[in-house]
Amino acid sequence: MLIFKQSQPGRTGVSLPAGDVPETAGLPESYRRAQEPALPELSELDVVRHFTWLSRRNFGLDTGFYPLGSCTMKYNPKILERIAARPGFADLHPFLPQLRHGGRLVQGALMVVYEFERLLCEIMGMDAFTLHPMAGAHGELTGMMIIAAYHRDHGNRKTEVIIPDEAHGTNPSSAAIAGYRTRSVPTNPATGILDLAALESAVTDDTAAIMLTNPNTLGIFNDQVDRVVEIAHRHGALVYYDGANLNAVLGKFRPGDAGIDVMHVNLHKTFATPHGGGGPGAGPVGVRRHLADYLPISRVVKRSDSTYTLDYDYPKSIGYVAPFYGNFMIYLRAYAYTLLLGARGLVEVSENAVLNANYVMHRLKDVYDLPVQKSCMHEFVLSARRQNAYDVHALDIAKALIDRGFHPPTVYFPLVVPEAMMIEPTETESRETLDRFIDAMRELAALAEKDPDQLRRAPVTTPISRPDEVRAAKAMDFQYPPEDSPNDNERVR
Ligand SMILES: *Cc1c(COP(=O)(O)O)cnc(C)c1O
């Protein structure tokens with residue numbers, strides 16, 4: 001029920017003492033309220049119950065298994081919240097003077113930026129990083145702007161960016177916003193990776209960059225990255241590495257070692273920071289030496305007396321991509337996560353993520369189609385094609401999983417697999433949780449044959465069943481169902 005509907009005239013949650021300063025009539029009439037604000041009147045307990053009830057209608061990592069492929073919904077350790085909540089970080093203001101008091105008030109924060117950039121360089125094999133971009137897609141755009149600046153600076157006329165057909169939709173958008181035409185190259189259906197012959201014939205002297213995701217969105221590791229780099233560089237093109245999902249390769253593979261020129265990392269995936277319903281995220285961008293001059297400003301530098309300062313003196317920089325320093329509180333958490341795990345811990349993350357994904361894949365591949373018959377990395381893609389015979393689709397399986405307490409996997413992506421169900425368990429899930437999910441998926445495969453109608457009716461345990469998702473986004477018309485009487489909806493526009 002809407003909180004406004006629960007209002008009772010005169011009920012209060014707090015009692016304030018009477019004012020001990022004289023009222024003034026000094027406020028101009030135009031600034032004064034003509035009417036009392038329309039706030040609901042409730043007790044503190046009413047308010048606590050209301051918001052607790054609302055929070056329980058939400059599904060999050062802290063409530064259940066969330067195998068949303070490509071999104072890496074891994075557990076966000078609570079100690080990172082404790083660290084970020086420390087007043088020395090939480091109370092910082094971006095306008096704090098760098099120089100007054102010897103800049104002491106911000107030295108810790110600047111050190112976090114400097115040191116985390118250096119750690120990311122080490123983990124990814126790159127020469128310089130910026131923490132400014134505020135999402136993966138934002139990192140891609142930053143990277144494509146760096147590539148464009150590089151080509152302009154070198155007098156190269158380049159008009160096109162090549163992108164594999166399994167790529168995340170943000171890849172072509174980022175390239176297009178940076179001013180490039182995009183060209184798609186196919187994935188080889190047997191190997192599940194980019195077709196080198198097709199790439200070879202697509203690359204021309206107009207190619208500014210190739211965007212590569214590895215492991216790709218099919219969860220397959222491309223072991224020919226060096227060949228891709230060689231083909232690109234032969235034509236004066238650069239290679240962009242979409243490192244949104246590095247959960248399988250931390251401590252195992254460094255993009256820089258394979259010759260990658262520029263990349264981004266999603267801290268809200270691989271580095272366990274909250275996704276926060278679309279933000280705040282962070283998509284740091286790493287470059288090799290020849291691109292470092294184009295990185296966004298400001299840059300944190302370490303002075304000879306070991307103090308840190310902001311430097312804006314980069315004439316070739318693409319400029320600002322974020323207000324102030326990006327999402328500081330997010331990359332602070334990622335920095336703490338990296339230090340807590342250490343080098344060995346990062347390797348264990350990858351190994352357990354890959355182990356978990358392969359375990360689930362092997363226990364489901366007899367009941368669902370597995371388009372690429374290979375070991376997977378951190379995720380894998382099944383197809384509900386076989387279930388289509390009973391008029392059951394990936395969407396029906398996804399919805400039925402909700403009734404069984406699981407967040408659905410990513411469905412209908414990547415586009416190269418019909419009826420795709422992209423499953424990413426992550427390393428933070430226990431064997432017992434994985435087994436419960438496997439049991440549910442196997443039960444649904446059986447139900448598709450025996451009682452497909454039941455699947456098509458799902459979900460039945462949620463406040464609403466199947467909204468028209470496009471209309472829900474484009475023409476919002478909310479209903480607030482009351483607690484236990486779904487027939488008694490109040491409609492508010
Ligand atoms: C999530 C993701 C992105 C985009 O990241 P956002 O932070 O959502 O903008 C890009 N590429 C891949 C492969 C992804 O999984």
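The points below go from the whole chain down to single residues.

1. Ground rules. This is a predicted model, so to speak of local features I need pLDDT of at least 70, and side-chain atom pairs count only at pLDDT 80 or more, while totals for chains, interfaces and linings use all residues. Residues are numbered from 1 along each chain as its sequence is written, and side-chain values use heavy atoms, with hydrogens and water left out.

2. Overall build. The C-alpha trace spans about 75 × 75 × 45 Å along its principal axes.

3. Burial and surface. Of the 493 residues, 49% are buried. Buried means under 20% relative accessible area, exposed means over 50%, and partly exposed is in between (1.4 Å probe, protein chains only). The accessible surface comes to about 24600 Å², with 54% of it belonging to carbon and sulfur atoms; areas come from the Shrake-Rupley method with a 1.4 Å probe, and for residues only the protein chains shown count as cover.

4. Contacts and charges. Take contacts (heavy atoms within 4.5 Å) between residues at least 6 apart in sequence: 69% of them join residues at least 24 apart. The protein has 50 positive and 59 negative charges, and their mean positions are 1 Å apart. Lys and Arg count as positive, Asp and Glu as negative, and His and the chain ends are not counted. Each charge is placed at NZ of Lys, CZ of Arg, CG of Asp or CD of Glu.

5. Strand E4. Is this strand enclosed or open to the outside? In E4 (residues 207–213), 7 of the 7 residues are buried, so the strand is largely enclosed by the rest of the structure. Strand E2 (residues 160–164) runs parallel to E4, joined by 3 bridges, and Glu160 stands opposite Thr207. Strand E5 (residues 238–243) also pairs with E4 in the parallel sense, over 5 bridges, with Ile210 opposite Val239. Pairing here requires that DSSP finds at least two bridges between two strands.

6. The E10-E12-E11 sheet. These 3 strands form an open antiparallel sheet in that order. Its edges are E10 (380–383) and E11 (410–411), each pairing on one side only. E11 and E12 (residues 420–423) pair over 2 bridges, and Val411 has Met421 of E12 as its bridge partner.

7. Helix H10. With 7 of its 10 residues buried, H10 (residues 394–403) is largely enclosed by the rest of the structure. Asp396 and Lys399 are among the buried residues, as are Ile397 and Leu401. The cover over them includes E11 and E12, together with helices H11 (431–450), H12 (452–457) and H13 (469–474). After H10 comes Gly405, with a positive phi near 90 degrees.

8. Most residues other than glycine have a negative phi, and most peptide bonds are trans. Tyr412 has a positive phi near 60 degrees; Tyr412 sits in the loop between E11 and E12 and is partly exposed at 35% relative accessible area. Thr426 has a positive phi near 70 degrees, lies in the loop between E12 and H11, and is buried at 1%. There are also cis peptide bonds to look at: Ile297 to Ser298, with omega about 0 degrees, and Ala458 to Pro459, with omega near 0 degrees. Ser298 is in the loop between E7 and E8 (299–302), and Pro459 is in the loop between H12 and H13.

9. Thr273. Which residues does Thr273 touch, leaving aside its neighbours within four places in sequence? Its contacts are Asn76, Leu267, His268, Ile330, Arg333 and Ala334. Thr273 lies in the loop between E6 (262–265) and E7 (285–287), yet is buried, with a relative accessible area of 1%. Its C-alpha atom is separated by 9.9 Å from that of Tyr335, which is 62 residues apart from Thr273 along the chain.

Technical notes. Helix = DSSP H or I, 4+ residues; strand = E, 2+ residues; numbered from the N terminus.
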